Amino acid sequence: MLFKSHLFYAAQLGLACLFVSAVPLRAQSAAEDIVIVAQLLSGLNKSGQAGTSILSQARLAKLPYDRLDAALSAQSSFSLFRRIPSLSANPTIQGATLRGIGPNGAGRANVLLDGAPLNDPFGNWVNWSAIPVSSLNEVLIERGGRPLSGGAGALSGQIALETAVRERGQTLSLAGSTLAGFDGALSHASQHGDTQVIASVSGGRRDGYILIPERQRGPADVSTESYNAAANFKIAVPISSGWRAALQLRGFTEGRDNGLAGAVNSTDGFDGSLRFTRTSGSNGRQDSPAQSGQWGADILLYGQVRQFDNLFTATDAARAETRPVLDQFSVPAHAVGARVQFDRHWRSGSQTLLLGQFDARSGETREAFRNLGAGFTRERRAGGNQQLYGLGVLHREQLLETVRLNAGVRVDISRLSDGARTEIDTVSGAVLRDDEFAARSDTEPNGELSLVWTPQPAWLLNARGYTGYRMPSLNEFFRPFRVGNDITEANPLLENERLRGVDIGIAYEPLTGQFVRLTLFRNWLKDAVANISIAGTAGGFIAPCGFVPSGGSCRQRGNLEQVSIAGVELETGLQITKALRMEGFYGYTDATVDAAPAAPQVLDNQLPQVPRHRASLSVFWAPIAAPVTASAIVRGQSAQFDDDLNMRRLDGFITLDGSIQWQVMRRLSLRAAVINLLDVEIEAGKTATGLITRGQPLTASLALQLNF
């Protein structure tokens, strides 16, 4: 099933390459930085509007975090599904979301690196360890549905990462932490005539920490020991007048213990992209102002290969011994795709963008299950293929000198095909289940309309309405999972999620870097995919989960008719003195199940893992010409629930993080950082029997960076 579909997708990608090669090219021009898709598609929103945040390279360097997901969690309404950072979290709950949109762990924000998707083709999660923070030039966070710039799946927004660009030189960084771990990275940049080459390698190993609090743990609880390694190569060349090309190749591997003896997971991945860009400035130059009649293009082709495996274990009541209960020994996935954009400036000062997208994903889970004590006796294979075709147009019109209109429409066709689930008894060889699911297609029209008013140079007001949709991931359709004795079944009959939303924002920026931004938002998510509880803790045989141990639960992914998410976001920045700066973020989110005829037990409940209140306060101290700088971040969240029945309450928390950096000499710097300085117990999960999973404890680290 996978082999045939991959040949078909490779043929489609080859045709796309032929199309690109047919684009007329002109004489060679001087080398310039590559413009990324995220900048082009999101350029209309990089003007300080409410709901949009930008983290520069300088800002990222001041933060005490060495993982991007931790840096994002402290700066906006970004979250993974649980309060566990990617350092120790299972990859399957590392899907990114913004504003609490979504009642399960699937990522509902698109994450891009230089325009190419980072979301896993099978589960839509992100392998954050493969993205060294030091390799990034800028992070653009766009909260709220982005049907035009983000396309299908960007229900909660988009996170666009831009690779750092240096003319030449090498950077070496080494770090160690109290989690008995080390990290290292080496990067190289060089200029060869008009050709730019960037290469980097990074990796690390950590003993991690035990997820269960000391008062509850037993001999079976082990540290979340992990390893990771990644390599990246990028070459950018001018190929014709106004045209540039960039080839980027990335590979990574990571693995970790899941916190119980014998429970492990690992991921291997490879990404590649080929990109052609032409900016709409005069003569195609990026540093030239856009001119009437000029057109630009951005054509991106990409591919992804993933291999994931995950072994689940269960333990006895005394947490003394474990046994394997589900071995997903191979979960291969592949994707190919293309993003195309053409934009044109008109004499009136308006701008029109034509957008195209093609994605094809394929994957399956191969697993052994039903271990009653003498080993696994059954095997399962389940998976399928997904295709997405999208076309859209986005227009920007300057209605008045102070009023701008952005309007766009998009039509997507999604298709699920070759869905199958087979189960066999490995002892007798009998086929217990052999299901084939009919192919299905959906056509989804969506749009976006916004008005931006700047009555004074320091003021900006905007209102935006939008719709969007997301096809469930192959993971949600076909892959079951287990956490301890809690079992969650897949569902190949899930419907697409559909979103309607409105944002109203006001921003005040009297001076550069001094700002207040306030956003009110409301979203309605139809057919929201959730992990719906089927039975309680009695144990025994419960369809469709099979045998559920006492104290466990049975859930299945299903659609909730409607959930609503309403909230407020407040961002502030204040330069108190030349050396002292403060920034704050506060978010209020009310995420509630409005209608659920198929699951009345969750009606009016709060969505799991979504706190009502989230806040952070950052203080940066950077004296001019001084060799020492410092930062401190206080962040906190209110209580939230771990389950759809709202029976497992997770307490709120407040933590303190900080760092001190010392520029020892021009090319050498040191940084000392601490996470969770007060060692607060962060409740990240809770079972039906009250067993707690905790977030990152007190962690200190020391890092060295050498430029040469």
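I took accessible areas from the Shrake-Rupley method with a 1.4 Å probe; for residues, only the protein chains shown count as cover. The accessible surface of the protein comes to about 27700 Å², and 61% of it belongs to carbon and sulfur atoms.

Ground rules next. This is a predicted model, where local features need pLDDT of at least 70, side-chain atom pairs count only at pLDDT 80 or more, and totals for chains, interfaces and linings use all residues. Residues are numbered from 1 along each chain as its sequence is written, and side-chain values use heavy atoms, with hydrogens and water left out.

**Overall build.** I found five helices and 38 strands in the protein (DSSP runs numbered from the N terminus: helices are H or I, at least four residues; strands are E, at least two). The radius of gyration is 25 Å, close to the 27 Å from the globule rule for 708 residues, so the protein is as compact as a globular protein of that length (taken over C-alpha atoms; the rule is 2.2 Å times the number of residues to the power 0.38). Buried residues make up 57% of the 708 (buried is under 20% relative accessible area, exposed over 50%, partly exposed in between; 1.4 Å probe, protein chains only).

**Cores.** I looked for nonpolar cores (sets of buried Ala, Val, Leu, Ile, Met, Phe, Trp, Tyr and Cys residues joined through side-chain atoms within 4.5 Å). The largest has 29 residues; Trp-128 and Val-139 are among those with the most contacts inside it. Helix H4 (68-73) and strands S4 (109-113), S6 (136-143) and S7 (157-163) each give two or more residues to this core. H4 supplies the largest share, four residues. I also noted a second, separate core of 19 residues, including Val-563 and Leu-607.

**Arg-410.** I placed Arg-410 in strand S18 (residues 403-425). Is Arg-410 buried or exposed? Its relative accessibility is 4%, so Arg-410 counts as buried. Its side chain makes a polar contact of 2.8 Å with that of Asp-412 (a pair of N or O atoms within 3.5 Å; within protein, one must be able to donate a hydrogen and the other to accept it, and residues adjacent in sequence count only if both atoms are side-chain atoms).

**Disulfide.** My search of the whole structure gave one disulfide (a pair of cysteine sulfur atoms within 2.5 Å). Cys-545 and Cys-554 form it, with sulfur atoms 2.1 Å apart. The link is right-handed, with 80 degrees about the S-S bond. Cys-545 is buried at 12% relative accessible area, and Cys-554 is buried at 0%.
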